[in-house]
Amino acid sequence: MNDPILILGATSAIARATAGAFAARGHAIYLAGRDMDELPRIAADLRVRHGVEVRYGSFDAEATDTHAAFLKSVIEEMQGLSGVVLAFGYLGDQIAARDFSIGAKVIAANFSGAASILSHCANYFEPLKNGFIIGISSVAGERGRQSNYVYGAAKGALSLYLQGLRNRLFPSGVRVITVKPGFVDTAMTYGLPGLFLVASPQDIGERIARAPEKSADVLYLPWFWRYIMLIIMHIPEPIFKRLKL
Amino acid sequence: MGTLITPLSGWGRYPVQSCELERPERYADLRANTDSVIARGQGRSYGDAALNENDRVLLTERVNRMLDFDIEQGILRAEAGTTLAEILPVIVPKGWFLPVTPGTKFVSLGGCVAADVHGKNHHHDGSFGDHVLALEMILADGSRVSCSATKRPELFWATVGGMGLTGIIGEVTLKLVPVTSAYMKVQNRAAENLEQLFNLLQDPEQDDRYTVAWIDCLASGANLGRGVAMFGHHADADHLPPSLGNPLVAKPGRSKNLPFDFPGWVLNAKSIGAFNDFYFKREGGKQRPFLSGYDAYFYPLDGIGQWNRMYGKRGFVQYQCVIPDASAYEGIKALLEELSASKRSSFLAVLKRLGAQGSGMLSFPLAGYTLALDLPVRDEGLFGLLDKLDEIVLRHGGRVYLAKDARLSAASFRAMYPRYDEFMIVKKSVDPENRFGSSMSRRLEIGGGRHE
């Protein structure tokens, strides 16, 4: 199969667009996710549009004890992997901050689950001295805000994890790329008030698929979020804590 | 799942109404979640067919997966949100084409079925629904059922042309037509008046698979109905110059967006008249047959994104009607005379021949001639004119196309669509609580009048 890419959490709009952008470049694709009604539909669509080999299978980010066997089966089925895109995430809502039973789920999905499957991916790529890992984190992980700090904390932890992983895999020549999208027009954000400069999933997917060809380690998408976050990071805490963000 | 309350309109940008939008990304989320809902694909119907004032509009644009393409048989199965623009680059390089296409490719499969759209080949190939092998519907009770011309045919033919009022169209299976090239062979012929134009379109010697005529609406008197008839068919790969390269890949054109609303004064009798003179001379002057990529041939306006902004902020109404063969010439002539007398100018006027009426209970086409006019909304006087046009259409036994309509009366609708009662029997059986409704269905009192 042609340079297969594993997409973890393949049913979101960003993941679907990213898979499409890789398929358009001729990569074989493996779609992993929980929704077994949606996966075959997305897989069929990629095959019809791009004429590439597409497989899919059930994957649960929170079921960390299944991850090793899952990755092994994917590698066997695809006869190796050339890259992994970690695209799953779970926003939860503000209740997550007050009710830790929901907060725990947000952390499990966005961080623990991610760290678990990525550790197996890293162990696979490291001896190959080839390949890439793209982790989709969030600008929400840069600074804690009252509106979604549990999600932000989990994504912030993921960003740190990816940073460390990049450091570890650098000598092996394995790329680790952190993607930090701003507002993207997805089911997660649809109808939310107060959004601005909302990007289309297609644009984000195209940028993500281009990332392995480029040199950046951390990618804000679209690019201007780097500067928006620069400003937000420089607001002094005594002021920041008074803001309603 | 989030919803978005926002002002919404059709392609004509009239009327504008506040609707509650929901945009599912999963097939399982295509459901009637409220008392009143209408599915909306690309919003390319012109009036209020895909609006639901103060109620739910279900956007299908993200449920657009192509599920199966049988390259041997030319059969495509796709989710209803898939657009023709997405389908064409997949099928044309494999030697297949859409059996029927409207004048824009930025329409969804579901919309094509719900409006039972027609193309320039209606007199040979019928309308869109004639080529649909099967539909999967999501009904009011949430059940998924498949239907076709042989399986639950009453549901199928109520849905084809049924403006989304029988349920949500989930999947469409379409039979494609084979082609050997991505090019069209086109022949234009000028006509100095309406009679000549009709003679051209009727002449079996001139006829081709695709025919359409453009009319200069500002010409009057002896030149009333002057225009250019355009004849075309899919070019045979063997007859293409080798310089074109792969015959199944047409060289792409560039596209531009209309970046702002034209002020109202830009389109007036003088500017339209100047354009029409130019266009008549340029297109009518093409004496020899020429080759055109399918995109430029079928979708000339798609090259200018958001061309609807040309008509200014208040939008426009497209008036499209069909008059049966027996009275077509008199009827179209009366319509053009009424328009000419009103001193309102239509920038775009298109005359097409339609073939036999299909099986869709609320489908538009019937054997005759169809006239389409774009009329900017500048003042309320326009609606008086359109009511007069309705009277002419009714007097000649014709009907108005619902996919374009924004203002027809319920009484005129009943008189134009005699199979309404039959449609309602099916609608009541699958949607007893009338959950599928739109601003159009309430205006036309389909399934009852205004709801609270």
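Residues are numbered from 1 along each chain as its sequence is written, with chains lettered from A and ligands numbered from 1 in written order. In this predicted model local features need pLDDT of at least 70 and side-chain atom pairs pLDDT 80 or more, while totals for chains, interfaces and linings use all residues.

**Exercise 1.** Work out which helix of chain A gives the most to the side that touches chain B.

Solution. Start with the contact: 14 residues come from chain A and 16 residues from chain B. Contact means C-beta atoms, placed from the backbone, within 7 Å. Helix α2 (residues 38-50) of chain A gives the most, with seven residues. Helices are DSSP runs of H or I, at least four residues; strands are runs of E, at least two; both are numbered from the N terminus.

**Exercise 2.** Describe how α5(A) and α6(A) pack.

Solution. Take the axes, lines fitted to C-alpha atoms over the stretch in contact, with angles from 0 to 180 degrees between N-to-C directions. Helix α5 (residues 100-128) and helix α6 (residues 149-169) of chain A lie at about 10°, axes 8 Å apart. That makes α5(A) roughly parallel to α6(A) (angles under 35 degrees). Next, the residues: Phe111(A) and Leu118(A) are among those of α5(A), and Tyr161(A) is one of those in α6(A).

**Exercise 3.** Locate the buried residues of α5(B).

Solution. Buried means 20 or more other C-beta atoms within 10 Å of the residue's own, all placed from the backbone. In helix α5 (residues 194-202) of chain B these are Leu194(B), Leu197(B), Phe198(B), Leu200(B) and Leu201(B). They cover an arc of only 160° around the axis (directions from axis to C-beta atoms), which puts them on the same side of α5(B). Their packing partners in chain B include β12 (183-191) and α8 (325-341).

Notes:
Two residues are in contact if their C-beta atoms, placed from the backbone, lie within 7 Å. Angles under 35 degrees count as roughly parallel, over 145 as roughly antiparallel, 65 to 115 as roughly perpendicular and the rest as oblique. A residue is buried if 20 or more other C-beta atoms lie within 10 Å of its own, exposed if 12 or fewer, and partly exposed in between; C-beta atoms are placed from the backbone.
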